[in-house]
Amino acid sequence: MTRLLEVEAIFSQPLSLASCLMCACKRGHVASVRRLVSEARTPLDIPNKAGLAPINLTEDTEIRDIIQAEARR
């Protein structure tokens, strides 16, 4: 994850970052979610094809709290 975020070109592809965040949320990877949202350029609210944002793909309250806290910043 850290190596991915070190590649500047990834930030020109916001859908790729949103997809990474969605996968981490859906699979319950708290550490990955935390690392992705620590980068201010990671989009938190880009919806998938079903219209769901990353926060809607998890029941994990810790992940939801992490995303909500970052969204308030």
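Is Glu-62 buried, partly exposed or exposed? Glu-62 is partly exposed, because its relative accessible area is 39%. This is a predicted model.

## Overview

Side chains of opposite charge can pair when their charged atoms come close. This structure holds four salt bridges.

## Helix 3 to helix 4

Glu-62 pairs with Arg-34 in a salt bridge. Their closest N and O atoms are 2.9 Å apart. The link spans distant parts of the chain: Arg-34 sits in helix 3, Glu-62 in helix 4, and 28 residues separate them.

Arg-34 has a relative accessible area of 43%, so it is partly exposed.

Glu-8 and Arg-41 form a salt bridge through their side chains. The N to O distance is 2.5 Å. Glu-8 lies in the loop between helix 1 (2–6) and helix 2 (14–27). Arg-41 lies in the loop between helix 3 (30–38) and helix 4 (61–71). The two residues are 33 apart in sequence, so their contact ties together separate parts of the chain.

## The network at Arg-41

Arg-41 also forms a salt bridge with Glu-39. Here the closest N and O atoms are 3.0 Å apart. Through shared partners, salt bridges join Glu-8, Glu-39 and Arg-41 into one network.

Glu-39 counts as buried, because its relative accessibility is 18% and the cut-off for buried is under 20%. Arg-41 has 42% relative accessibility, so it counts as partly exposed.

Definitions and conventions. Residues are numbered from 1 along each chain as its sequence is written. This is a predicted model: local features need pLDDT of at least 70, side-chain atom pairs count only at pLDDT 80 or more; totals for chains, interfaces and linings use all residues. Side-chain values use heavy atoms; hydrogens and water are left out. Helices (H or I, at least four residues) and strands (E, at least two) are DSSP runs, numbered from the N terminus. Buried means under 20% relative accessible area, exposed over 50%, partly exposed in between (1.4 Å probe, protein chains only).
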